[in-house]
Amino acid sequence: MNKIHFVGAGPGDKELITLKGYKQLSEADVVIYAGSLVNKELLEYCKEGCEIHDSASMDLGEIIRVMKKGIDENKKVVRLQTGDFSIYGSIREQVEELHKLQIEYDCTPGVSSFLGAASALGVEYTVPEISQSVIITRAEGRTPVPPKESLQAFAQHQTSMVIFLSVQMIGKVVDQLTEGGYPEDTDIAVVYKATWKDEKIVKGTLKDIESKVKANDIQKTALIMVGKFLGSEYNNSKLYDKDFVHEYRL
Ligand code: SAH
């Protein structure tokens, strides 16, 4: 039986889809893509006559119906999701419905936007001895966040943090990070549409980032990155130390 193919589209640049994802897309008979965030240029990879659905205007039931119809008609169905579907991808609710219908699926990962944004800035989240962990999170909005995962709570770790889905609340984010213990002079960056042609990078500190983001009129499709990894402090890794055993080198 045919399967549904979930494919990560990457952060924006149409060349940042994996080779496997590209292949799936170019062979698809039906594509359901997240129109608000997936670069439409990726649809150029689809074959002629491919049936294309924008999921921005569809609810879960409609998405599943299109998937089921494609499977019933023995078509190759690709669900193209922004970045990688494992991060705020709403894949769980889709696959639970597919289980109910006994429809199988497979997944091809994509480059998440938090990786695209790090590339845009040319930075490492895990600078030796400065930060060895990355927290991926979001501010609470209409979607509740478990209380133990509040920005204040995470700020206590003072490690590298990437905040999704929250730039429209930049003032609140700054307040919560500060309440959690980040000093006002902590480096922070906002990357809008990382890897797209109209990408914008705004850098500042907790003190001035809100006004800079507002001056640049960034209200969506952006990541907030905060932590010492953005600053000037760094240490060399042991990995490339001349005395380090090279079999551990990456
Ligand atoms: N699955 C996606 C995230 C989907 S949630 C991923 O792996 O990237 C949607 C949020 O992701 C947006 O509100 C924004 O915070 C972020 N986002 C997605 N694409 C982005 C991009 N190219 N640049 C900056 N942020 C992006």
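A residue counts as buried under 20% relative accessible area, as exposed over 50%, and as partly exposed in between. The legends below describe a predicted model.

View 1. The protein is divided into domain 1, residues 3–108, and domain 2, residues 113–230. Eleven residues of domain 1 and twelve residues of domain 2 take part in the contact. The centres of the two domains, taken over C-alpha atoms, are separated by 29 Å.

**View 2. The interface between domain 1 and domain 2.** The size of an interface is often given as the accessible area lost when the parts come together. Here domain 1 and domain 2 bury about 880 Å² between them. Carbon and sulfur atoms account for 67% of that area. Which residues of domain 1 lose the most area to domain 2? They are P11, I87 and Y88. Together these residues make up 58% of what the domain 1 side buries.

**View 3. Polar and charged pairs across the interface.** Six residue pairs are in polar contact across the interface of domain 1 and domain 2, with both residues at pLDDT 80 or more. On the side of domain 1 that touches domain 2, six residues are nonpolar, three are polar and two are charged. How many salt bridges cross this interface? The rule finds one.

**View 4. The salt bridge of K197 and E41.** Side chains of opposite charge can pair when their charged atoms come close. The side chains of K197 and E41 meet at 2.8 Å, N to O. K197 sits in the loop between β8 and β9, and E41 in the loop between β2 (30–33) and β3 (51–54), so the pair ties together parts that are 156 residues apart in sequence. Are the two partners buried or exposed? K197 counts as exposed, because its relative accessibility is 76%. E41 counts as partly exposed, because its relative accessibility is 24%.

View 5. K100 and E97 both lie in helix α3. They are three residues apart, about one turn of the helix. Their side chains meet in a salt bridge, with N to O at 2.9 Å. K100 has a relative accessibility of 61%, so it counts as exposed. E97 has a relative accessibility of 25%, so it counts as partly exposed.

**View 6. Further salt bridges.** A search of the whole structure finds 14 salt bridges. D208 is partly exposed, at a relative accessible area of 27%. K212 is also partly exposed, at 31%. Elsewhere, E51, K69, E73 and K75 are linked in a network of salt bridges.

View 7. R138 belongs to strand β6, residues 134–138. Is R138 buried or exposed? R138 counts as buried, because its relative accessibility is 15%, under the 20% limit. Residues up to four places away in sequence set aside, R138 touches Y88, T143, V145, L151, I163, F164, L165 and S166. Y33 is 105 residues from R138 in sequence. The C-alpha atoms of R138 and Y33 are 23 Å apart in space.

**View 8. Positive phi at Q102.** Most residues other than glycine have a negative phi. Q102 is not a glycine, yet its phi is positive, about 55°. Q102 is found in the loop between α3 (91–100) and β5 (105–108). With a relative accessible area of 67%, Q102 is exposed.

**View 9. Positive phi at T195.** T195 also has a positive phi without being a glycine, and the value is near 75°. Where is T195 found? T195 is in the loop between β8 (187–192) and β9 (200–205). T195 is buried, with a relative accessible area of 17%. K197 lies in the loop between β8 and β9 too, but K197 counts as exposed at 76% relative accessibility.

Methods:
Residues numbered from 1 in each chain as written. Predicted model: local features only at pLDDT ≥ 70, side-chain atom pairs only at ≥ 80, totals over all residues. Heavy atoms only, no water. Domains from an automatic or database assignment. Contact = heavy atoms within 4.5 Å. Buried area = accessible area lost by both parts, 1.4 Å probe. Salt bridge = Lys/Arg side-chain N within 4 Å of Asp/Glu carboxyl O. Polar contact = N/O pair within 3.5 Å; in protein donor to acceptor, adjacent residues only side chain to side chain. Nonpolar A, V, L, I, M, F, W, Y, C, P; charged D, E, K, R; others polar. Helix = DSSP H or I, 4+ residues; strand = E, 2+ residues; numbered from the N terminus. Buried < 20%, exposed > 50% of the residue type's maximum accessible area, 1.4 Å probe, protein only.
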